[in-house]
Amino acid sequence: MLKSKMTKRMAAAAGTVIALAGLTGCGQTSTSGKVEVELVSYKPEAVKAFEEIAERFNAEHDDIHLTIESPNEAMTILKTRFIREDYPDIVGIGGDINYSNFLDADLFMDISDFEGLEVVKQSYLDMDKELEFIPQDGVYALPYAANAAGILYNKDMFEEHGWEIPQTWGEFCILCEEIRDSGIQPLYLGYKDTWTCLAPWNALAVGLTDSDTCSQVNMGNTTFTESYREVAEKMQELLAYAEANPYAYGYNDACTAFARGQSAMYPIGSYAIPQIRSVNPEMNIDSFPFPANEAEEDNVLNSGIDLQFCVMKDCENKEAVYEVLRFLYEDETVQIYLDDQGGIACKKGDFAIPQELAGMAGYIEGERMADYQDHHYPSEMSVDAMIQTFLLDSDENALDTFLERFDNDWKRYNRDLIRKVQQYQMEKGDVQ
């Protein structure tokens, strides 16, 4: 039975009851005699790829029928179904706070015995472990595809002017000044849509803070005032190289401006490339990790799990579900998804890195990566809006005000979690 704490958490998020009718879930047997396996993915943009994957699976299996649904508002649908205890067999979700909440509600099966985990890149398994509010024994997700964020740049423009890719923060600032002196805008930010503030924030934070900063704060070992000061300072410094009044321009504006050559660089994730190419299909785009530090060896690529598969704990036909996971993790199946959606394979193997991410290849292949910090932030805290407000604040105490608010709001929105974490520490003998 679903725990009452999960019911309360999901009830507020679901709003109205939305159901996927006519599907037989939880590994049940249909009238055709086949075991029915239902997978619900949160990525409606991947419908075409999932249709091909399901068709291939069903053509190759006489005893199992796979249905993959990728509805709009999938997370709302999933939360509503969880309230009604109407579980699919597998869910395809991102490696973010939703995964943390679902795992904390004891909804997912431990898939430690699934043999496919042996070929998952360790960095992505580590990211999932860091998303656990309380350390769990076992593995509860199969990472599938990832994205990366840093700096996209106009490769033709760089080659024309002979600009070198910066390896350190100092080199990056010098490059921005050099670009500006040539009469070209170094950066486009598009901060009108507050979520875009998180793109450079995350890319800076992975190189300047520990990947488990949020957990360390919950354990009382640090504060955001201590951990995020340099991140916030460098966010302010970026404004000197950006378009005038970046708060007047949104994400689409920034993508369009970059596509049209109005800036040499764009601090954003690989997820923006399709939007940029919709404006300029022939644009020669490359990328590099954000050089946040003064030593290149300290830099880290911001990469997170864009899609992973979790098996519901109440699933009754584990064998059939594992067969689906095996098929999903075949090289050919992974490539179908990557060809349609782009991104980085979470599976080890000879998967091509998109040409737009060539400059990040060394970090990807060396697994020199860390997750997006905002994957640990509660949505109610609205950190993106906090960052925008901070950047708009011209007061000399703006930095201290922002960091103090971050710490205070974190305690406010994570009060129960902090109590739970510290209780866990006491039980384990980690604190007195």
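Modeller: Start with a network: salt bridges link Glu-38, Arg-81, Arg-84 and Asp-86. A salt bridge here is a side-chain nitrogen of Lys or Arg within 4 Å of a carboxyl oxygen of Asp or Glu. This is a predicted model, where local features need pLDDT of at least 70 and side-chain atom pairs pLDDT 80 or more, while totals for chains, interfaces and linings use all residues. Residues are numbered from 1 along each chain as its sequence is written, and side-chain values use heavy atoms, without hydrogens or water.

Look inside the network. Arg-84 meets Asp-86 at 3.8 Å, N to O. Arg-84 has a relative accessible area of 45%, so it is partly exposed. Asp-86, at 25%, is partly exposed too. (Buried is under 20%, exposed over 50%, partly exposed in between, with a 1.4 Å probe and protein chains only.)

Now widen the view. The whole structure holds 21 salt bridges. One of them joins Arg-56 and Glu-52, at 3.2 Å from N to O. Both sit in helix α2 (residues 47–60), four residues apart, so about one helical turn separates them. (Helices are DSSP runs of H or I, at least four residues, numbered from the N terminus.) Arg-56 is partly exposed at 33%, and Glu-52 is partly exposed at 33%.

Helix α19 (residues 415–428) holds another such pair, Asp-416 and Arg-419, three residues apart, about one turn. Their side chains meet at 2.9 Å, N to O. Asp-416 is exposed, with 57% relative accessibility.

Next, the aromatic rings. The search finds 32 aromatic pairs in the whole structure. (Rings of Phe, Tyr and Trp, its six-membered ring, pair with centres within 6.5 Å; planes under 30 degrees apart are stacked.) Trp-201 and Phe-406 are stacked, with centres 6.3 Å apart and planes at 15 degrees. Trp-201 belongs to helix α8 (residues 198–208) and Phe-406 to helix α18 (residues 398–413), so their pairing ties together parts 205 residues apart in sequence. Trp-201 is buried, at 0%. Phe-406 is buried, also at 0%.

Phe-390 and Phe-402 stack as well, because their centres lie 4.5 Å apart and their planes meet at 15 degrees. Phe-390 is in helix α17 (residues 383–392) and Phe-402 in helix α18, so this pair links parts twelve residues apart. Both Phe-390 and Phe-402 are buried.

Definitions and conventions:
Phe/Tyr/Trp six-rings, centres within 6.5 Å; stacked < 30°, edge-to-face > 60°. Helix = DSSP H or I, 4+ residues; strand = E, 2+ residues; numbered from the N terminus.
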